[in-house]
Amino acid sequence: MQPFAIVALVLILARAITELWLSGLNQRHVRAYANEVPPALRGSIDAATYHRSVDYTLSKSRFGDIASVFDIVVLIAVLFSGVLPWAFERFTASFGTSIWAMAGFLFVVGIALSILGLPFAWYAQFKLEERFGFNTTTMKTWVLDRIKGFLIAVLLGYPLLVLVLKLIEWTGTTWWLWAAAVVIAFQLLLLLIAPAVIMPLFNKFTPLPEGTLRERLFALAQRTDFPTRSIEVMDGSKRSRHSNAFFTGFGRFRKIVLFDTLTAQLTEPELESVLAHEIGHYKKRHVVKLLGVSSSGVVVGFAAIAWLARQQWFYRAFGFEHHGGFATASVVPAMLLFALLAGTISFWLSPFIHIWSRRFEYEADAFARATIGERQSLIQALRKLSEKNLSNLTPHPLYSGFYYSHPTLLERERALRKAT
């Protein structure tokens, strides 16, 4: 085995061991607090619901362990068995090394790997979520969702791959800068068109009916100078009883979206506080900052691919032949290998990203409290959402550091109560 292959294998195994260790740590921590409701939440969540949330957390965690082990086994097999260079050789022998063929190879490998995960997705939806009363998806809807996702990938993802690979031919050694710019522009375009074109393919969006709630929410948007064309209700209950709210799009395409499950669960003051939180993300420019980090990640990623594409040791570590130059067929293996290894690197960076993300949540909560003029509505909303979604109320700090982009319920409550 080549030296870098050993390094890559060690990193992958280290990630897998750490994931299982964190999961076990969290499970033990949850069990330690399983017998009684945390003192801070007594009176707002009954014992039966709390015990169901513990059971849901542990069931998801155990299932997640199995899925993680499967993913790691597949990743190791794909990277070190020689199947990738064998498939690449067979594919190029049959279809050549044209831009369209090389994009097709990347696309086919991605689809093949995603298919391997379908049984786990099915079990999570129709067994795990069903057991705890969350699943409302029919098999027909579940299958159609995946067919639609595949068609969108063909119509949008495949041409994007072709364009990125074409840039190698057009721009030579600086191709990675142009490729990064194109991908960033594509992401921004998706943010613009998704609310009007893509999202309606999966869900039905209807304007919030006339009434006091609509007046209240539009008044909130007006006094916070949040430009929005519409407030819409999404039929989230078509797939799940989980609830959420968000805003999406830019400029004239921006809209506020409430899950129908959310409007059924919260009172008008609580819904107003949730929307004020979402508006807080906009007013504090969190979305722009996250886009900036995402764009920087795209640039760094393509720069890494361009560098790795010139390294013989990188190709040989995984059984590929390195032919040199900037021919598309020479860069494609580097793209594929980087995509497969990226998750192993990003896992170790996730705590730092989540620290930043959680700070944004605290800032949005503080904005909501200041805008509404009181904190109890948001606290009650957060408690209800945690209760209805059977959220983990007692995660281990290390586990939440690696996996939680939001502070826990008790952390958010403490911050809101400390605010002056």
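This is a predicted model: local features need pLDDT of at least 70, side-chain atom pairs count only at pLDDT 80 or more; totals for chains, interfaces and linings use all residues.
Helix α6 covers residues 139-171. At 1.5 Å a residue, its 33 residues should span 48 Å. The C-alpha atoms at its ends lie 47 Å apart, which agrees with that expectation. Glycine 172 follows α6 and has a positive phi, near 65°.

Several residues of α6 are buried. Thr141, Trp142 and Asp145 are among them. Tyr158, Leu160, Val162, Val164, Leu165, Leu167 and Ile168 are also buried. The cover over these α6 residues includes α4 (99-116), α5 (118-131) and α7 (175-198). Helices α11 (286-308) and α13 (328-372) also contribute to it.

Isoleucine 379 belongs to helix α14, residues 376-388. Its relative accessible area is 0%, so isoleucine 379 is buried, the cut-off being under 20%. Beyond its neighbours within four places in sequence, isoleucine 379 contacts Glu413, Leu416 and Arg417. Glutamine 265 is 114 residues away from isoleucine 379 along the chain. The C-alpha atoms of these two residues are separated by 14 Å.

Serine 400 lies in helix α15, residues 397-403. Serine 400 has a relative accessible area of 8% and therefore also counts as buried. When residues up to four places away in sequence are set aside, serine 400 touches Arg358 and Pro395. Histidine 354 and serine 400 are 46 residues apart along the chain, and 8.9 Å separates their C-alpha atoms.

Key: Residues are numbered from 1 along each chain as its sequence is written. Side-chain values use heavy atoms; hydrogens and water are left out. Helices (H or I, at least four residues) and strands (E, at least two) are DSSP runs, numbered from the N terminus. Buried means under 20% relative accessible area, exposed over 50%, partly exposed in between (1.4 Å probe, protein chains only). Contact means heavy atoms within 4.5 Å. The expected span of a helix is 1.5 Å times one less than its number of residues.
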